[in-house]
Amino acid sequence: MGRSRHPRRFLTPEESERVKEAVREAESRTSAQIKVVISRFAWRGVRHKAEEVFKRLGLDRTTHRNAVLLLLVTTSRHFLIYGDQGIHEKVGEAFWTGQRDAMAEAFKSGRFADGLVEAVRSVGGPLAEHFPRTEDDRNEVPDDVVEEN
């Protein structure tokens with residue numbers, strides 16, 4: 001049975017829901033925010049696109065500067081995990097490189113939703129360790145996967 005996709009969507013509705021659930025579960029243990037964005041284009045490069053999306057979605061304004069963006073650009077087949085200052089200072093560059101490599105393996109075999117779910121879960125561990133959830137935490141950024149042109 002073939003995968004039913006919306007012509008302008010990269011993930012199926014079921015795949016998108018799986019990723020959203022992984023975000024919810026990870027965020028249930030941390031004060032941090034995780035956002036997954038799938039974009040068709042990054043005209044000025046994936047890093048520039050990540051910086052623009054990070055700011056546009058308010059990820060740079062979280063209370064503890066601990067938001068993480070997972071950005072996948074479909075036309076160029078590039079992706080980036082972009083962590084704000086608070087989490088980056090705690091985990092360092094080697095952590096992000098490991099996450100990137102794990103996502104690349106899943107993506108090479110066409111398992112995009114699996115790669116995103118695994119990355120969200122993997123990022124969730126250090127976020128919970130360094131920024132545990134407190135009673136007054138609130139969800140500062142919606143958990144849905146954003147798919148944009």
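Visitor: Which strands do the buried residues of H2 pack against?
Guide: First, this is a predicted model, and its residues are numbered from 1 along each chain as the sequence is written. Local features need pLDDT of at least 70, side-chain atom pairs count only at pLDDT 80 or more, totals for chains, interfaces and linings use all residues, and side-chain values use heavy atoms, leaving out hydrogens and water. Helices (H or I, at least four residues) and strands (E, at least two) are DSSP runs numbered from the N terminus; buried means under 20% relative accessible area, exposed over 50%, partly exposed in between, with a 1.4 Å probe and protein chains only. By contact (heavy atoms within 4.5 Å), the buried residues of H2 pack against E1, E2, E3 and E4 (146–148).

Visitor: How wide an arc do those buried residues cover around the axis of H2?
Guide: The buried ones in H2 are Val-46, Lys-49, Ala-50, Val-53 and Phe-54. Taking directions from the helix axis to the C-beta atoms, they sit on the same side of H2 because their arc is only 130 degrees.

Visitor: There's a lysine in that list. What is the relative accessibility of Lys-49?
Guide: Lys-49 belongs to helix H2. Neighbours within four places in sequence aside, Lys-49 is in contact with Ser-39, Phe-41, Ala-42, Leu-71, Glu-148 and Asn-149. Lys-49 counts as buried because its relative accessibility is 13%.

Visitor: What about the glycine after H2: what is the phi of Gly-58?
Guide: H2 runs over 46–56, and Gly-58 follows it. The phi of Gly-58 is positive, near 75 degrees.

Visitor: Is Arg-65 buried, partly exposed or exposed?
Guide: Arg-65 sits in the loop between H2 and strand E2 (68–73). Arg-65 isn't a glycine, yet its phi is positive, near 55 degrees. With 34% relative accessibility, Arg-65 counts as partly exposed.

Visitor: And what is the relative accessibility of Arg-77?
Guide: Look in the loop between E2 and strand E3 (78–83) for Arg-77. Its phi is positive too, about 60 degrees, although Arg-77 is no glycine. Arg-77 counts as exposed because its relative accessibility is 70%.

Visitor: How far apart are the C-alpha atoms of Val-117 and Val-53?
Guide: Val-117 is in H4 and counts as buried because its relative accessible area is 4%. Neighbours within four places aside, Val-117 is in contact with Arg-18, Val-19 and Ala-22. Val-53, one of the buried residues of H2, is 64 residues away from Val-117 along the chain, and their C-alpha atoms are separated by 20 Å.
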